[in-house]
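Dear colleague,

Please find the structure below. My notes on it follow.

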Amino acid sequence: MASFTLHGISVSRGIAIGRAHLLAPAALDVKHYLIAEDQMEAEVERLRSAIQTVHKELQTIWSELPKDSPAELGAFIDVHVLILSDPMISEVPLNIIRTRYYNAEWALVTQIDELSAQFDEVEDAYLRERKADIQQVGERVLKVLTGTATTLPALKNDEEKTPRMIVVAHDISPADMLQFRDRAFAGFVTDVGGQNSHTAIVARSLDIPAAVGMSNASALIAQDDWVIIDGDAGVVIVDPSPQVLEQYRERQIALTRERKKLGKLKKTPAVTIDGTPIHLMANIELPEDCAAALDAGASGVGLFRSEFLFMGRTGYHNKLPTEDEQFESYRKAVVAMKGRPVTIRTLDIGADKPLDIAEQTALNPALGLRAIRYCLAEPQMFLMQLRAILRASAFGPIRLLVPMLSHAFEIDQTLQMIAQAKKQLRDANKKFDDAIQIGAMIEIPAAALTLPLFIKRMDFLSIGTNDLIQYTLAIDRVDHEVAHLYNPLHPAILYLLSSTIAIGARYGVPVAVCGEMAGDTRLTRLLLGMGLREFSMHPSQLLAVKQEILNSDLRLLTPQTRKILRAIEPKAIADGVERLATL
């Protein structure tokens with residue numbers, strides 16, 4: 001067989017080499033037939049029983065989670081349980097059987113397809129990829145209905161100790177990923193998915209090389225093919241030549257050595273060669289993520305994405321977490337960080353991130369009622385979250401971060417709401433930090449271009465580079481047709497970043513970067529040269545960024561960065577960034 005290369009999306013860095021293990025999906029093109037009326041209730045019971053079986057499977061998987069499993073795995077299994085419990089999955093297909101006389105498989109797939117079509121219209125990258133959760137839940141039920149199951153190859157010789165399995169699938173659910181947790185696997189390749197897919201998130205948390213969005217990899221790769229995953233480039237090489245295989249093995253060995261060296265930096269202060277201290281913070285989704293942040297040596301949490309407490313809750317009664325539920329989650333994170341600051345972002349949800357899978361979306365949700373706009377339109381919900389965050393501030397240092405601000409009146413209304421929440425807590429005799437710091441996300445170009453409005457009113461700023469790039473360049477980076485235009489080194493992006501950092505420094509307002517640029521070691525020196533002193537990223541990226549900082553001298557980086565910022569041509573900017581790496 002001739003060697004060939006596939007190109008997709010890099011979601012977890014590193015090199016993986018091994019034999020392909022194809023994970024076959026349940027066929028969604030199931031048999032379609034009509035049932036007789038006297039068979040209707042038996043068919044309904046067959047589907048109901050399959051759903052109950054999957055419930056038990058997920059509960060068993062959850063109860064058998066290894067103690068060292070990433071928190072994301074348990075959270076994603078919870079999401080699947082909630083989806084399975086939602087009437088849109090647990091009841092509507094049963095009604096389809098009763099009203100249309102479809103067989104159980106056809107009824108289930110009909111509803112899954114309808115829900116999936118709704119998600120296709122959502123513009124937000126994270127939420128659009130939640131369509132995969134619904135499909136994965138549907139597939140799991142279908143496997144029960146059809147009597148199929150995923151099987152693992154028998155372990156051979158010393159494979160228990162030497163990871164050699166590359167899992168290749170159209171898609172893979174968090175629950176299915178668990179069966180490979182203690183197996184001899186080295187990485188994942190999927191046809192679908194993007195930076196925010198669950199496969200990507202779990203791969204990063206497990207620190208396993210993965211490449212997603214490969215289109216038809218599961219059809220082109222054969223069982224037991226030799227496969228190389230180049231996680232840095234998002235490239236998969238199938239049936240490589242002996243020379244290529246040897247080159248990648250050498251790279252793999254070198255990366256392993258580098259990782260061992262990085263482990264020694266955990267307790268080393270992040271200080272540049274010229275003596276400038278840098279704050280390295282962690283991005284988290286759940287309180288349980290704090291353990292990984294501390295283990296990586298984070299000096300605090302730079303971004304607690306509170307929407308993960310809201311997402312996946314289905315049904316009217318479960319639509320919103322209560323104030324006490326939120327408070328307990330925030331309190332856990334604060335206590336876990338042992339005196340280090342925890343930055344909690346208020347709810348970044350809205351028309352583009354509906355609170356249940358049946359909720360309708362706006363025509364252009366990325367530009368619609370989301371984040372702070374949504375919160376201000378739902379004042380009671382917003383006040384509930386603000387009170388929960390404030391109450392948690394009595395247990396340790398918390399910074400309150402507000403997303404998607406762009407207008408002065410939005411800032412003023414938000415501050416008024418915070419003042420109102422404080423008054424409500426005082427009236428209830430509940431403790432909180434009255435001097436809690438309040439900050440704004442700078443992720444809309446209008447905010448970056450009118451920074452004095454924010455400097456005057458806020459205690460700190462945090463640049464969300466993902467949305468800033470998306471809105472500035474009008475690019476959805478998950479859309480394969482335009483993803484090549486998503487460029488963090490575009491001169492407009494560099495101008496907005498550098499000017500925000502510079503203006504913040506001029507007025508003594510701290511500025512952090514909490515988007516993906518903060519965790520990209522190729523851009524660390526550029527951001528340092530711009531004057532950035534606080535980075536926030538996934539814990540797995542922290543030590544590599546720290547190493548770059550320890551080897552950086554701002555006396556050399558700053559003048560070179562100024563030259564880059566004066567450049568307009570892409571090649572001049574790229575060449576300048578490459579020169580930074582040699583300083």
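How many residues does the largest nonpolar core have, and which of them have the most contacts inside it? The core has 96 residues, and those with the most contacts are L280, L461, L526 and F535. A nonpolar core here is a set of buried Ala, Val, Leu, Ile, Met, Phe, Trp, Tyr and Cys residues joined through side-chain atoms within 4.5 Å; buried means under 20% relative accessible area, with a 1.4 Å probe and protein chains only. Helix 15 (residues 379-392) gives the most to this core, 8 residues. Helices (H or I, at least four residues) and strands (E, at least two) are DSSP runs, numbered from the N terminus. Apart from this core lies another, of 31 residues, including I35 and V109.

This is a predicted model: local features need pLDDT of at least 70, side-chain atom pairs count only at pLDDT 80 or more, and totals for chains, interfaces and linings use all residues. Residues are numbered from 1 along each chain as its sequence is written, and side-chain values use heavy atoms, leaving out hydrogens and water.

An open sheet of 8 strands has mixed pairing and the order 1-8-7-3-4-5-6-2; two strands pair if DSSP finds at least two bridges between them. Strand 1 (4-7) and strand 2 (9-12) stand at the edges with a single partner strand each, so one side of each has no neighbour in the sheet. Strand 2 pairs with strand 6 (residues 210-212) in the antiparallel sense over 3 bridges, and S10 has A211 as its bridge partner.

Elsewhere, strand 11 (residues 342-345) runs parallel to strand 10 (residues 301-305), joined by 3 bridges. V342 stands opposite V301.

Regards

Methods
Buried means under 20% relative accessible area, exposed over 50%, partly exposed in between (1.4 Å probe, protein chains only).
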